[in-house]
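Please consider the following structure and the terms by which its elements are described.

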Amino acid sequence: MNKKQKEQEIFKIYAEKSMPITAYDIKWMGDSGKFVLLGMGTSGQGSFTINEVVKGKKINVIKSFQQSASIKCGSFGISEISSRKLVVGDFSGNFGIWDLDEGRRTPIMRVQGAHTSMINSICCAGGGDEYSGHGSPEVCTGGHDGAVKLWDVRQKQKPIFQYAANSQTSDDCWSVSLGSAHDNTNRLLASGHESGAIHLWDLRNTSVPLIDETTNQGVCSLSFDQVSKPANSLLATCVNSTIAVLQIKDSKLVKQDVSQYLGESWLTIWHGEWAKSTNIKNQNKNKSKFVLSDSDGVVHLVEKNGKSFEFLHSQAISSQAISSFSIHPQNPSAFAFTSFDTKTRISYCSLFD
Amino acid sequence: MTSKPFARFEKWLDLMKKKDLEATQKKKKQRTNIPPIRKNNEKTIIKKQSNTTKTEKKQKNDKSNKQKIENFTVPTVEEILSTSSEEEITVKKEPEKKKRISSYDYDGWDKLIYEEKKKKKLIAEALEHKAKGNKSYGSKKWKEAITHYTKAISIYDGDHIFYSNRAACYLKIKMYKSAEEDCTRALQIDPKFTKAWFRRGLARKNLKNYRFAIKDFKKVLKLQPENQASVKEILAINKLIKQDNPLNSNPKTNSSKQTKEKAKAKPNPQKSVKTNHSNSKKIENERKQLENIQEQLLGLNITPLKQIDPKQANKPQIQVIDNNGNEDQNVKQNKKKKEKSSSLKTENKIINEKEIKKVTTNKTIEQNYNNKNTNDQQTTANTTTTSTKTKTIPNKKNDNKTDKENPKKQQTSKVAQLKPIEVSIPSTSPKTFFEFEKIWRQFSQIQNEETKLDSKNKYLEIINPQLLPKIFQNSFSVEYFVEILEILQYRFKMNQSPNDFMKSNINKILYYISQIPRFSMAFMFLSRKEKQILTEIIGKTNIQKNDLYLKVRKLYKM
């Protein structure tokens, strides 16, 4: 690549390594340069590994944990950022909480039979600090059986809140997200389904969903722009090259088919997250910017202008789909990507520094 | 140029390493300001599909959502119902949760320890209330006691004694249903708590739920076989059953005549006993009855008192006559009635046995002849009862010839028929070698060889070939092998046509025999005869070359 091209690169890959796991999820670990890679191991069992990014462009595998059912998703956020407790959801409908500092080989707490089939996505909030929100520690799971359940960590027999769609046509819940936990009681729960339905509940009163919209394309991932402050908007990335942003206050859904920017109309956009920045100066600039990753291995930086989206930058990182990526909570310029070509890549984006 | 862009990143990495070390060494603080568990509306909202179009939906949603967000207050029930009428939301209400104290320790998530501490405090409180309850129970203030016990339960609901004590109070006030409920709750906590079983029995007795009351008292006897109070209760219940339904109390009688006769027969022996010895005999009777009851109860068959055989009822009469030397007129009449009843009974017994035989033979015959295309004569002729006749039927033709030719043989065959060894073919397959051997030996006692083979054949047909290895296990010997081969040869001759051959399962049986342990030993000891039989059965037939067939050929070295 030329110098110019290199300069034009915004997501500069610092280190990459191929891992023996087929990784479905990746998450940075707070207060450290480590990240966790979750997925299915070589012999079909579930495993996740703790890896560290080391000076000299290296990634070291520090520890690996195993369980019998292969793992689909995981999330930090149930505790403070310095005490690392990871919630892991797997293919058989169970989820467990692992304490990574103690290094126990088994989870501290396990909820079995949370869902009748696999847990598609999991999200936690209420750790007590600014990174994970205030209030009680809660876990939200969305399953293949179409149910969305909210669990409090202190009560594992029964979920606090359940949403079950019509049982005949079980609307697969592909993603869930918690946000806007700026208070002890405030919290928003969003769930995205295979039919494209997005439900948003205010957890102070869950009798009726706050917002009920559809994008008509299956929703792969959801992301609130703020966890510990009142959230303004919710990003939803979908199948067939569509993305949508929901303004919570106005309940407006801005939906667009962005196949022109992506190049194809049948791409699934696997993951999207709002970009943040440390500098106050940049915060205003980067208010409405978010990052997407699609099934071609391309990462995009997009900005929302009113009712349309503007693709600022696109960069091909991998040859296969990028199943998930994670932005470090304490350093929004550090990105970690996993893709189905077994490689994990750590990249640095100076825009958000 | 390459290092510059990552300079800041690497600095940050160094920072993060230090923080990481600190984080691992840091003691984890307890989080103090955690709010209680969300007491939210625990409803599962199940939406039905609505038929409105997309645009209509959007318009509705926009408007309604706007309203909701602007005027966001906790909606009342009316509001919910009015808004949800469009979308047909069905809401399932779940029972309200009990209030529980909530706080949260981060010390390695030692919830258990924390909860145990809590428990102890709660139990101590609850026990105080229980003590108050016990006092008021002692001073016969039942309702006060109930209030105390309910308080105790509300504080700590895991103690079975609270519930059973409250049940005792309910029994005194005659609130039997609530007593029963309390007892069941106590038993859920501790299923071996005899008091609760006993009290529940009492409650059920008073609710006229006699069968279940008896069951509960039975359990008391299981746990405490010396408990005589429960035995008395059972007797009392039986009396109550009598009073309520005098005719229909004994479900096992065959005819109403017998019940009436029994009902008459019973009180009479006790009335006839008039001497001083009578009291001791009454006590003896009662003891015998109790023993019978205990035996029967422990033998897990609820048989009320009435099923005393006429033989036993006769005994006291005989004693009366011996001691006094006088026969009461009543006794004579009763004797006659009993003789009648006994004769009736024996007749009934005989009839029953015959019916049983009929049923079994018919069943077995149906089983055996379902698959085969055999002589219709056999099916029609099997309406008679004795089983030897069925065995002789396949050889009817032969018998006819012999009748013509040799009347002597006819006589001998008749003699054989006159002394029938009634071996009925059982309807269920044997599970152990012991059972199999028993019945096999019975068959081998039959003198006529062809009937032997036929009966053994039928018996084999009952047995599932897959069970053969389990049945024989280590007891398989050459003799049995030889016998089975002869039977299979017999069967083979019977079923020459290809359809019948398939149904006759010869290959299956041979295969499973080969799976029996020590098969190879027995196979070695086979003589020429048997091997000829095998070649007949396996070697020459080219009917259908299944996998089974090929396997069998291999195993028997053809």
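The questions and answers below concern a predicted model and take up its chains, sheets and helix contacts in turn.

Q: What makes up the secondary structure of chain A, and what makes up that of chain B?
A: Chain A contains three helices and 28 strands. Chain B, by contrast, comes to 28 helices and two strands.

Q: What share of the residues counts as buried in chain A and in chain B?
A: A residue is called buried when its relative accessible area is under 20%. Of the 353 residues in chain A, 66% count as buried. In chain B, which has 558 residues, buried residues make up 33%.

Q: Why is helix 5 of chain B called roughly antiparallel to helix 6 of chain B?
A: Helix 5 (residues 142-155) and helix 6 (residues 160-173) of chain B pack at an angle of about 155°, and their axes are 9 Å apart. Angles over 145 degrees count as roughly antiparallel. The two helices of chain B are therefore roughly antiparallel to each other. Helix 5 of chain B passes helix 6 of chain B in a left-handed crossing.

Q: Which residues of helix 5 of chain B meet helix 6 of chain B, and into what classes does the contact divide?
A: On the side of helix 5 of chain B, the residues in contact include B:Trp142, B:Ile146, B:Tyr149 and B:Ile153. Among those they meet in helix 6 of chain B are B:Phe162, B:Arg166, B:Cys169 and B:Ile173. The residues of this contact divide into eleven nonpolar, two polar and three charged.

Q: Why is the packing of helix 20 of chain B against helix 23 of chain B described as oblique?
A: Helix 20 (residues 433-444) and helix 23 (residues 478-494) of chain B pack at an angle of about 60°, with axes 14 Å apart. Angles under 35 degrees count as roughly parallel, those over 145 as roughly antiparallel and those from 65 to 115 as roughly perpendicular, while the rest are oblique. Helix 20 and helix 23 of chain B are therefore oblique to each other. Their crossing is left-handed.

Q: What residues form the contact of helix 20 of chain B with helix 23 of chain B?
A: B:Phe433, B:Phe436, B:Glu437 and B:Trp440 of helix 20 of chain B meet B:Tyr480, B:Glu483 and B:Ile487 of helix 23 of chain B. By class, this contact has five nonpolar, no polar and two charged residues.

Q: What makes strand 14 and strand 17 of chain A edge strands?
A: Four strands of chain A form an open sheet in the order 14-15-16-17, with antiparallel pairing. Strand 14 (173-179) and strand 17 each have a single partner strand, so one side of each is left without a neighbour in the sheet. Neighbouring strands of this sheet are turned by 15° against each other on average, direction ignored.

Q: How do you know that strand 16 of chain A is paired with strand 15 and with strand 17?
A: Two strands pair if there are at least two bridges between them. Strand 15 (residues 188-193) and strand 16 of chain A pair in the antiparallel sense over five bridges. Strand 16 and strand 17 (residues 211-214) of chain A pair in the antiparallel sense over four bridges. In strand 16 of chain A, A:His199 is the bridge partner of A:Ser191, and A:Trp201 is that of A:Leu189. A:Leu200 stands opposite A:Ile211 in strand 17 of chain A.

Q: Why is strand 16 of chain A called mostly covered?
A: Six of the six residues in strand 16 (residues 197-202) of chain A are buried. A:Ala197, A:His199 and A:Trp201 point one way from the strand, while A:Ile198, A:Leu200 and A:Asp202 point the other way, and all are buried.

Q: What makes strand 18 and strand 21 of chain A the edges of their sheet?
A: The open sheet in the order 18-19-20-21 of chain A is formed by four strands with antiparallel pairing. Strand 18 (219-224) and strand 21 (252-257) each have a single partner strand, so one side of each is left without a neighbour in the sheet.

Methods. Residues numbered from 1 in each chain as written. Chains lettered and ligands numbered in written order. Predicted model: local features only at pLDDT ≥ 70, side-chain atom pairs only at ≥ 80, totals over all residues. Heavy atoms only, no water. Axes fitted to C-alpha atoms, helices over the stretch in contact; angles between N-to-C directions. Left-handed = near helix turned anticlockwise from the far one by under 90°. Contact = heavy atoms within 4.5 Å. Nonpolar A, V, L, I, M, F, W, Y, C, P; charged D, E, K, R; others polar. Buried < 20%, exposed > 50% of the residue type's maximum accessible area, 1.4 Å probe, protein only.
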